[in-house]
Amino acid sequence: MEMSSNSRKTSRNPFHPQVYVPLALVVFLFILPILPRNPFYEDLILMIFFWGTLAAAWNLVGGFAGQISLGHTAFFGIGAYTSTLLWLKFGLSPWFGMFAGAGLAILVAIGIGVPCFRLRSHFFALATIAFGEVLRHVASYWRGLTQGGVGLLIPFKPEIGNFMFRSKIPYAYIALGLMLLIILVSYIIRNSRFGFYLISLREDQDAAETLGVNTSRCKLVALIISVFFTAVAGTFYAQYLLFIDPDTVFSLPLSIELALLTIIGGLGTVIGPVIGAFILIPLDVLLRGYLGGISAGLNFIVYGIVLVVAVIYFPRGIAGWLRSWYEPFLRRLPGSGQSGGGEGAFTSPALTSEASDPKDANPGVDEGKSPLFRVQSLSKRFGGLAAVRDISFEIKKGEILGLIGPNGAGKTTIFNLITGFFPPDSGRIEFKGEEITGLRPPHKVCIKYIGRTFQLVKPFSNMTVMENVMVGAFSRVRRASEAKEEAMRVLDFIGLSMYRDSLASSLTIADRKRLELGKALATKPELLLLDEVVAGLNPRETEEIIEIIKAISRQGITLFIIEHVMKAIMTLSHRIIVLHHGEKIAEGIPAEISRDRKVIDAYLGEEYLA
Amino acid sequence: MPIWGRSILLDLENISAHYGDVQALENVSLRIKEGQIVSIVGSNGAGKSTTLNTISGVIQSSSGTIEFLGKRIENLPPHRIVELGIVQIPEARLLFPYMTVLENLELGAFNPQARKGTGENLEAVFRLFPVLEDRKNQLAGTLSGGEQQMLAIARGLMARPKLLMLDEPSLGLAPLLVKQVFETVKEINAQGITVLLVEQNVFHSLSIADEAYVLENGRVVLGGQGKEILSNPQVKEAYLGI
Amino acid sequence: MSTAVLQLIINGLLLGGIYALISIGLTLIFGVVEIINFAHGEFLMLSMYASYWLFQLYGVDPYVSLFVVIPAFFAIGWAVQRIIIQPIIHAPPLNQIFATVGMSLVLQNAALFFWKADYRTVRTAYSTVSFSGLMISTPRLVAFVFALAIIAALLIFLKRTYTGKAIRALAQEKRAAMLMGIDIYRMYKIAFGIGIACVGAAGAILIPIYYAFPTVGAMFVLIAFVVVILGGYNSLVGALIGGLIIGMVEAFSGFFLSPHLKEAVYFVIFILILLLRPAGLFGRA
């Protein structure tokens, strides 16, 4: 609800509930370990913090970036074994060993992540399971180093420098510190460019790439941060229990438990994993207490059933439900004032004022010698089929070029060749005099100031309208506040500002089409490729979108438009090229095209006029 | 040919449907009489394929009724609808590419009624498309575009349809083959099979149609005899915007 | 060729047949239902226990128990598809992954709860035959023959019967299958049932040569994952050949490196395939 200036104000005011409620929670967490002095209770609190840390670390990859890793146990184990071995063999303090372990785990993660991130979701999960299991076997059989299945016992020498303490309290505070740190990191990520990028790539990787997101790098960075905390938690575990063995620190159920905590608590949210830990860990301890005595494994049966039921019936977790309750709660507390609402409902699109402007705002078509964009002899085959055959054309700065042709003529293929979804077999593409043939992946094309939309709109469904546009804006600015400003400007322009806090999934078709335009516009393109933006809209909606497209053109943005709705393309385009069976069969101004014999034949069937 | 004497085969009353995000139908009503060729024309995204998929049961209609031979079918699953004799030949053919021509045809006759007569059906489609007999042991994915379209039609015929629905059968075919496809459709109709045709090729599809409907934005904007509609300037406008 | 190498090839092939049988079920489920059954190994474990108890309690020979295990596991697979997979068939991957992962956790720990972590096996009267210097263990040979026979039966079923063809059609072009009048949800249940029946059969023929314990499935399923990736995700013949290759790899790496490093060797293969040939040896893009 709040605007950027608004939130900055509240963050300075200690008497605002948005500040004092979280602060009170943190203070509460700090006194939690020392409330009753009883070892069972202390152990429980410590385990909640410890599991909360691990789950929040897993959430960065599994929740934010949407890459389901079931091999996190491998990094946990590497952390535990590295610091322990360094301590046992070389007497290196676990405080340093912790970072050595994290470093090693990160190196391994990079080696694994690069090939595995190319896999589709199910296979990524599969590859990570396999990886974790292999490390468990290696640790079991490399007896010379790890003593195999017997495990490693750490002699108890309590001292701060040895990362060993007589009481559980210091451990509890270290775990709390780790947990608060990962919450803070998650919070910062969630509100930064990087976080927007992660969530956008989870929602739709192609759309994210098109808006300038380097998806492979983002996934890798998320993995590295996640692995760091996971490995550090591994060291903590070793120092707390003073015993590690492959079957516990490399166990697959550990990886699954991280996911379970996160899913129950709220996948992809900042505090969801911690909420999950607060609910499930006490439950787990109780289960172990009551059932574990009867037989080992029973608690995992319960866990497994909870997991299956949760993913079938409640995949959204508790945090989502909690949020709808938390915000109104804050508003009822003293000091909240009026933090939002009301204002902004009547934002009129900047476009109406501009549309009433005379044509002088239009820079017009630049008739200069060198075109802005040039395609020469572009060809692409898929299997035996020539999708695009020897296509050449130019687009001048400020021009609107239409691309039409019957279904399957190869129009979208041309867009995909230009925007880096696949490379052409032959031919040359130039933009602003620079060759960009085969430039891939798509985010590199976006950075060159070429934007595009998709025929089937690709909104980031679980992000708000504002956040959707901010993803595009981040391709030009770093700071969230700047991206927000730019997004506001774009939302005003496309007439969506009244929906800025709604989830993209709640928009109507027509508004999703506007949003699609808005995301692309936020990347500040000089050339914008529009793929059937008015398809499926009713005449009134079509008119509105056409007005927006005209306004975009008036801003000096060059447009290249695929459209099936002839009325739209005939009124918009300065020039039109016609594609049929992958070949260019006509090129000219709209009036010429609509009379062209070959075009009429291609569209309506030959002999139509006969 | 008088058409008013024939019984109604398929009757759509006020059908509305939502298909993924983009395409939708709004109160579409259309009627197909036994033995007719009925064409649906309209630009991309107008809802032509959605209409066929709603009839086939692939998309659940949100309101309205569909009657086939007097029986309500709008809530039946796709395989039950095929059993009743409504068969769709989908856009882009969707053959089983790693199966032979013969296997593709056999799968066309999957429903129990059709399966009984597989042998004679096979003879009949081979008479219609002799080239398929020559290639019966070839993988469907290795056929040429024209042959693939023939196979798609033949596979649909194997189901012994009472109503055959074709979605863009001329898509991506060279002009000569396009003509052939429409000849085939006429031939199939002459054998007594009712045809519902969705096409971009307005000229051909309207000139063979007994009746036709023009769809725009998921609504029927024009309906009447095929030849009448062909000469209606509104059609040309919808397509070429002039 | 020296006897030692020949012996290794034989050992590898005999092992590979069973791996192929486990993997082919996994591949069939993935190819048709488009989910990875992360609980696949647990069904192997369950069928090993099933054959074990049939032998212990009723004296049923493990090979005879196949006739009980195969239909029973087909029914189990059918039910799992109906109750657990069907509701999430259109859900995001996360839900699909954790539904079967959760199932695996439940089954593994249920086994631990009921039968403890003890290693159990069936000692049969079958012995090892010697054959011009080559040692061939009879139960392994029998297992291999059964495995190949079941795979052959499955391939013939898919190739020759109407239902088999419908399953293949569904894997190749789902929408067309639906439009041709195939009840795809029924085919999903049949495919899942067959996949589980295959792994069930593998358990029955494994019990005379290997131990049943609660986590035994996790070990074999890791191999099956590698086989599936090697064979190319959706090719049954690929799974067969992949299984035989992995069996050989295990035999040779065990001899020349160390039997303990076999998992590491699998994983190297796994990563190499992902890097060099992501579609697998027999996969289609």
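**Exercise 1. Domains of chain A**

Task: State how far apart the C-alpha centres of domain 1 and domain 2 of chain A lie, and describe the side of domain 1 that touches domain 2.

Solution. 
- Step 1. The model is a predicted one. In it, the C-alpha centres of domain 1 and domain 2 of chain A lie 44 Å apart.
- Step 2. The bounds are taken from the domain assignment, which gives domain 1 as 38-250 and domain 2 as 351-604.
- Step 3. The contact between these domains of chain A involves 18 residues of domain 1 and 23 residues of domain 2.
- Step 4. On the side of domain 1 of chain A that touches domain 2, the elements giving two or more residues are α9 (193-203) and α10 (205-210) of chain A. The most comes from α9(A), with six residues.
- Step 5. By class, this side of domain 1 of chain A consists of seven nonpolar, six polar and five charged residues.

**Exercise 2. The contact of chain A with chain C**

Task: Determine how many residues each chain brings to the contact between chain A and chain C, and which element gives the largest share of the side of chain A.

Solution. 
- Step 1. Chain A brings 37 residues and chain C brings 34 residues.
- Step 2. Four elements of chain A give two or more residues to the side that touches chain C: α5 (94-116), α6 (121-141), α13 (252-265) and α15 (298-313).
- Step 3. The largest share of that side of chain A is the twelve residues from α6(A).
- Step 4. The residues on the side of chain A that touches chain C are 29 nonpolar, six polar and two charged.

**Exercise 3. Two helix pairs in chain C**

Task: Classify the packing of α9(C) with α11(C) and of α2(C) with α9(C).

Solution. 
- Step 1. Two packed helices are described by the angle between their axes and the distance between the axes.
- Step 2. Helix α9 (residues 216-231) and helix α11 (residues 262-276) of chain C pack at about 25°, and their axes are 10 Å apart.
- Step 3. Angles under 35 degrees count as roughly parallel. Therefore α9(C) and α11(C) are roughly parallel to each other. Their crossing is left-handed.
- Step 4. From α9(C), the residues in this contact are C:Leu222, C:Ile223, C:Val226, C:Ile229 and C:Leu230; from α11(C), they are C:Glu263, C:Tyr266, C:Ile269, C:Phe270 and C:Ile273. The contact of α9(C) with α11(C) has nine nonpolar residues, no polar ones and one charged.
- Step 5. For the second pair, the axes of α2 (residues 40-58) of chain C and α9(C) come within 7 Å and cross at roughly 130°. Hence α2(C) and α9(C) are oblique to each other. The crossing of α2(C) with α9(C) is right-handed.
- Step 6. Among the residues making the contact of α2(C) with α9(C) are C:Leu44, C:Met45 and C:Met48 of α2(C) and C:Phe220, C:Val221 and C:Ala224 of α9(C). By class, this contact of α2(C) with α9(C) has eight nonpolar, three polar and one charged residues.

**Exercise 4. A sheet in chain A and a sheet in chain B**

Task: Give the strand order and the pairing sense of the four-stranded open sheet of chain A and of the six-stranded open sheet of chain B.

Solution. 
- Step 1. In chain A the order is β4-β3-β6-β7, with antiparallel pairing.
- Step 2. The edges of this sheet are β4 (385-395) and β7 (434-435) of chain A; each has a single partner strand, so one side of each is left without a neighbour in the sheet.
- Step 3. Strands β3 (residues 373-382) and β6 (residues 426-431) of chain A run antiparallel and are joined by five bridges. Opposite A:Val375 stands A:Ile429 in β6(A).
- Step 4. Helix α18 (residues 411-418) of chain A packs on the sheet and touches β3, β4 and β6 of chain A; its direction makes about 70° with that of β4(A).
- Step 5. In chain B the order is β6-β7-β8-β3-β9-β10, and the pairing is mixed. At the edges stand β6 (86-89) and β10 (219-225) of chain B. From one strand to the next, the twist averages 15°.
- Step 6. Strands β7 (residues 163-167) and β8 (residues 194-198) of chain B pair in the parallel sense over five bridges. B:Leu163 has B:Thr194 as its bridge partner in β8(B).

**Exercise 5. Backbone features of chain A**

Task: Locate the cis peptide bond that joins A:Arg440 and A:Pro441, and the residue A:Phe163.

Solution. 
- Step 1. The cis peptide bond between A:Arg440 and A:Pro441 has an omega of about -15°. A:Pro441 lies in the loop between β7 and α19 (442-447) of chain A.
- Step 2. A:Phe163 is in the loop between β1 (152-153) and α8 (168-190) of chain A. Its phi is near 60°, a positive value in a residue other than glycine.

Note on methods
Residues are numbered from 1 along each chain as its sequence is written. Chains are lettered from A and ligands numbered from 1 in the order in which they are written. This is a predicted model: local features need pLDDT of at least 70, side-chain atom pairs count only at pLDDT 80 or more; totals for chains, interfaces and linings use all residues. Two residues are in contact if their C-beta atoms, placed from the backbone, lie within 7 Å. Ala, Val, Leu, Ile, Met, Phe, Trp, Tyr, Cys and Pro count as nonpolar, Asp, Glu, Lys and Arg as charged, and the others, Gly among them, as polar. Axes are lines fitted to C-alpha atoms, for helices over the stretch in contact, and angles run from 0 to 180 degrees between N-to-C directions. Angles under 35 degrees count as roughly parallel, over 145 as roughly antiparallel, 65 to 115 as roughly perpendicular and the rest as oblique. A crossing is left-handed if the near helix is turned anticlockwise from the far one by less than a right angle, and right-handed if clockwise. Domain bounds come from an automatic or database domain assignment. Two strands pair if DSSP finds at least two bridges between them.
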